[in-house]
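Subject: Two-chain model, handover and findings

Hello,

Here is the structure I said I would pass on. The findings follow below it, grouped by topic.

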Amino acid sequence: MPTISINVNGELREISDIDPNTPLLWALRDHLQMVGTKFGCGKGLCGACTVHLNGAAVRSCSIPISEVDGQSVTTIEGLAAKAHKLHPLQDAWMEHDVPQCGYCQAGQIMSAASLLSRNANPSDTDIDDAMAGNLCRCGTYKRIRKAIHSAATKGGAA
Amino acid sequence: MNNDLYNHDLEPDVDMPAEFIERQNRHSAKVSESADSFIPRRQFLKMSGIAGGGLVLAFSLSRSPRAKAAHHGESDSTEFSPNAFIQIKPDGTIVIAAKNPEVGQGIKTFLPMIIAEELEVPWESVTVEQSAIDAKRFGPQSAGGSQSTPRNWDPLRQAGAVARAMLIAAAAKTWGVSESKCNADQGFIINESNGKKLSYAELATTAASLPIPDGKTVPLKKRSEYKILGKFIPGVDNQALVTGQPLFGIDQQLPGLLHAVYVKCPSFGGTVNSANLDAIKARPGIVDAFVLEGNGVDNELSAGVAILAKSTYEAFQAEKALQVDWNHDPASKESWTDFQKQAREITSKPGKATEEQGDFSAAQSEAKTVVESFYTYPFLSHSNLEPQNCTAWFRDGKMELWAPSQTPQSIAGMLSKLLDIDQSNIEVNQLRIGGGFGRRLLNDFACEAAAIAHKVDAPVKLMWNRESDLAHDFYRVGGFHNLTGALDSKGRLTGLQDRTIVYTPAGGDGKRPVRGGNVRASNIQCPEIPNVRIEANSLPLQIPAGWWRAPSSCSLAWVFQSFVHELAVAAKRDHLEFLLEQFGEPRWLKKGKANVFNTERAINVTKLAAEKGDWGKPMKKRQGRGLSFYFSHLGYFAEIAEITVDSSNNVKVDRVVVAADVGMLLNKSGGENQVEGSVIDGISTLADQEITFENGAVKESNFDTYPLLRMSAQPNIEIHWLTSDYSPTGLGEPAFPPLAAAVTNAIHQATGKRIRAMPISKEGFKIV
Ligand code: FES
Ligand code: FES
């Protein structure tokens, strides 16, 4: 088995002894012990596993680790640029108390961050479109929308 | 009218998981000595001499006075760990334990809020810690039936108030003044006569030396004095959640952890003849594979094949390569199509009355108008977003579990029997849960994880994939109701009959309904109907049934609230006026019994919803406004849905107005989150969710065939709280039941089409 090197949250990580077909999701969770990225469906249907690959939101359950060799991944653990300053979306999520069970929220935030990096001031429809792949079983959609708007007003593309 | 049909207590183990939880807790040896009443007797214990000093108060469920232990200033750490309810540290930190499992209902935040309120401290000074699972120290620990609020309201207020009283006494002693001159205010005791103050931290050591007052006699704050309760308080885990810290069951890590899958027969109850275990074991990353016979109890251990791997992916891949020769003899052969046919047939014929009041046939023959309708709804899955999982480690004869369970206290008893381990050698840790909805009231996943771990020399994390989660749920049962309503010449509802099916566990005595599957006359929630007849025909069911969000209410509210609307339309009467008539005079049908219908509260929320929801205002073509009401899990909810239907029958739910009476709202944020979530869940469910099965196996396999609502379909949700003097009650469930009928009644208004089969996709409508 080849060794895979990926840049995760700004740090070069090497994973050896891994089946190259292992989805990025499980490489993060089982091999790098980074469990912020969640498993919901394994089929690209729920968005719980959303991370950024070279800046774009992707479903990590559906990308084999071999395909990300040499590339850059950002996960929820690394979304805040600096340790003491959270991403405006993370602040907005706390301020509006978005989570219920909270299980989907890492994926929701990663999708929202990708949206704000492309569109600093999204409309409801922009938000709905960008977030369509992220399911929330608890039904926190109203607050997700509100938190995205509120982060956008505070310069959320940060 | 006083209506005896409504004066029954809820059936244990059936209507409400609460009863089940209570029973399970009683079974746990540690509590049985004291769990003799609804809220077990408690006394408080102090512990001083803990690391760092300060005042610690813990509940004790023991009857024997143990206050002595507190007096010698030494904590008996084996019996009472410092992880108690309240801990005031000399540096001013206030640590409050969160005792119950967090499934998203916000309990890890609002139970500590109750304590902090009575303790009279600023919320910002509080650190919340998840407690251990220990009935001795924390009493019943569960999440279900919206019971945590009513059950903990008095004991936790008392816990806070006792500590406050002791701090006041400490200050009085320090200053040599009477206690009546000392007031608690936000972490300080103020001397009324000279304005001097001492912080709780300064007083903690003195307080710890004082006797503990009886929790029942300490004064509690008035609601008007509340500073924390009723406010918008964000969840205590939010920061950890938004930064991806490990919190959930699935996040549990241990050194040398093995990853397991457990494969069961797709047809419920099937057992294993043989499997290609050698081929599986030869796969890369596979550590072991073996068959477990199980004990055949669906919520304990079903037969299956365990595969242990070095990584989750390798375990999942091995599952795909696994070939099992299943023994289908004991397995379910049931079919949803057959069930539907059978139920139609049975309910079309007269049956035996299981509940009756007045004379329905007379009402029917004297009626001016008779309305007959057949309503049906499907089986449903819980589909928590975090699939079932559990971590277990068996070493040195001790079993330790990390279990995302709604009833963690019942696990040790179960495992003790299953694996023959003494209960004292079983330790259960609670973890945050990625959605409960009743699924995790049953601990099959914990039994599986422990049974697998019992056979290997390493910690094991059992992980279900989405497909197994949908295939091995405990489903909300589908239902069938052949309804007849009788209206007199004045358009009054004089009689209602329901010929229905009640499933009973296959192989049982046919007397007790499956979990969450009962149908009672009181579910109609129209106590003014003089003639009522329920014919509940029992049918055996092998497919595992379970409590869902608002068990039984979640389906019956839709049936009866739709039919009442249907009758109002047939009587050519305004739905609101017609519905209010069914409640009759404002009264409590059994005074003091919180789970018995109170028509006054029903009337009040219904009127409030109508007022806020613009009842009676004209609507545009193909728009509709629907009303519905339901009382469940001690909460009163009326909801109005406004919808627009386009020419292709795409339904947009524009606005949902919710009027609620749960006594008092404890956390504005968490409470409203529950209501918003219930509304979304309601729309999600009615849109396109259906579990079907053939030959005893479920056909839906993932979110493509069992869809959840998406962001764009959310309506505007407005919530109006009616504050009443009743004790606060839970919000995990009661906002859910009325939603569906509000929407389908609105669809009727907009299109003239009455929806009588769920989900509405079956009737050609689509939620957009
Ligand atoms: S787990 Fe990747 S989309 Fe659901
Ligand atoms: S908060 Fe529970 S799934 Fe979204």
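How many salt bridges are there between chain A and chain B? The count is six. Please keep in mind that this is a predicted model.

Interface

One salt bridge joins the side chains of Lys38(A) and Asp251(B), with an N to O distance of 3.1 Å. Polar contacts across the interface of chain A and chain B come to 27 residue pairs, counting pairs in which both residues have pLDDT 80 or more. On the side of chain A that touches chain B, at least two residues each are supplied by α1 (24-31), α2 (88-95), α4 (124-130) and α5 (141-153) of chain A. The largest share of that side is from α5(A), with five residues. Sorted by class, the side of chain A that touches chain B holds 25 nonpolar, 13 polar and 13 charged residues.

In terms of contacts, 51 residues of chain A meet 60 residues of chain B. About 4700 Å² is buried between the two chains, and carbon and sulfur atoms give 58% of that area. Three residues, Gln100(A), Arg137(A) and Tyr141(A), supply 17% of the area that chain A buries against chain B, which is more than any other three residues supply.

Two positions in chain A

Asn134(A) sits in the loop between α4 and α5 of chain A. Its relative accessibility is 1%, and a residue counts as buried under 20%, so Asn134(A) is buried. The side chain of Asn134(A) has two polar partners to list. One is the backbone oxygen of Gly107(A), at 3.1 Å, and another is the side chain of Ser111(A), at 2.6 Å.

Thr74(A) belongs to strand β5 (residues 72-74) of chain A. Thr74(A) has a relative accessible area of 26%, which lies between the 20% and 50% limits, so this residue is classed as partly exposed. Beyond residues up to four places away in sequence, Thr74(A) touches Asn9(A), Val51(A), His52(A), Leu79(A) and Met110(A). Gln90(A) is 16 residues from Thr74(A) along the chain, and their C-alpha atoms are separated by 15 Å.

Chain B

Chain B has 20 helices and 29 strands. Of its 768 residues, 65% are buried. Among the contacts in chain B with a separation of 6 or more, 77% are between residues 24 or more positions apart.

Helix α14 (residues 444-453) of chain B has 10 of its 10 residues buried, so this helix is largely enclosed by the rest of the structure. The buried residues of α14(B) include the charged Asp444(B) and Glu448(B), as well as Phe445(B), Cys447(B) and Ile452(B).

In helix α10 (residues 312-321) of chain B, the buried residues are Thr312(B), Tyr313(B), Glu314(B), Ala315(B), Phe316(B) and Ala318(B). These buried residues pack against α1 of chain A, and within chain B against β9 (258-264), α9 (277-281), β11 (286-292), β12 (304-309) and β19 (460-463).

Cores

The largest nonpolar core has 156 residues, and the members that touch the most others are Trp93(A), Ile148(A), Phe629(B) and Ile767(B). Helix α16 (residues 553-570) of chain B gives the largest share of this core, nine residues. Another core, of 48 residues, lies apart from it and has Ala98(B), Trp123(B), Ala169(B) and Leu666(B) among its members. Leaving out residues up to four places away in sequence, Ile767(B) touches Val651(B), Val653(B), Ile683(B), Leu686(B), Ala687(B), Leu709(B), Ala713(B) and Ile760(B).

Helix α16 of chain B also holds Gln561(B), which is buried with a relative accessible area of 0%. Apart from residues up to four places away in sequence, the contacts of Gln561(B) are His575(B), Leu579(B), Ser628(B), Phe629(B), Tyr630(B), Ala741(B) and Asn745(B).

Regards

How values were computed. Residues numbered from 1 in each chain as written. Chains lettered and ligands numbered in written order. Predicted model: local features only at pLDDT ≥ 70, side-chain atom pairs only at ≥ 80, totals over all residues. Heavy atoms only, no water. Core = buried A, V, L, I, M, F, W, Y, C linked by side-chain atoms within 4.5 Å. Buried < 20%, exposed > 50% of the residue type's maximum accessible area, 1.4 Å probe, protein only. Helix = DSSP H or I, 4+ residues; strand = E, 2+ residues; numbered from the N terminus. Contact = heavy atoms within 4.5 Å. Buried area = accessible area lost by both parts, 1.4 Å probe. Salt bridge = Lys/Arg side-chain N within 4 Å of Asp/Glu carboxyl O. Polar contact = N/O pair within 3.5 Å; in protein donor to acceptor, adjacent residues only side chain to side chain.
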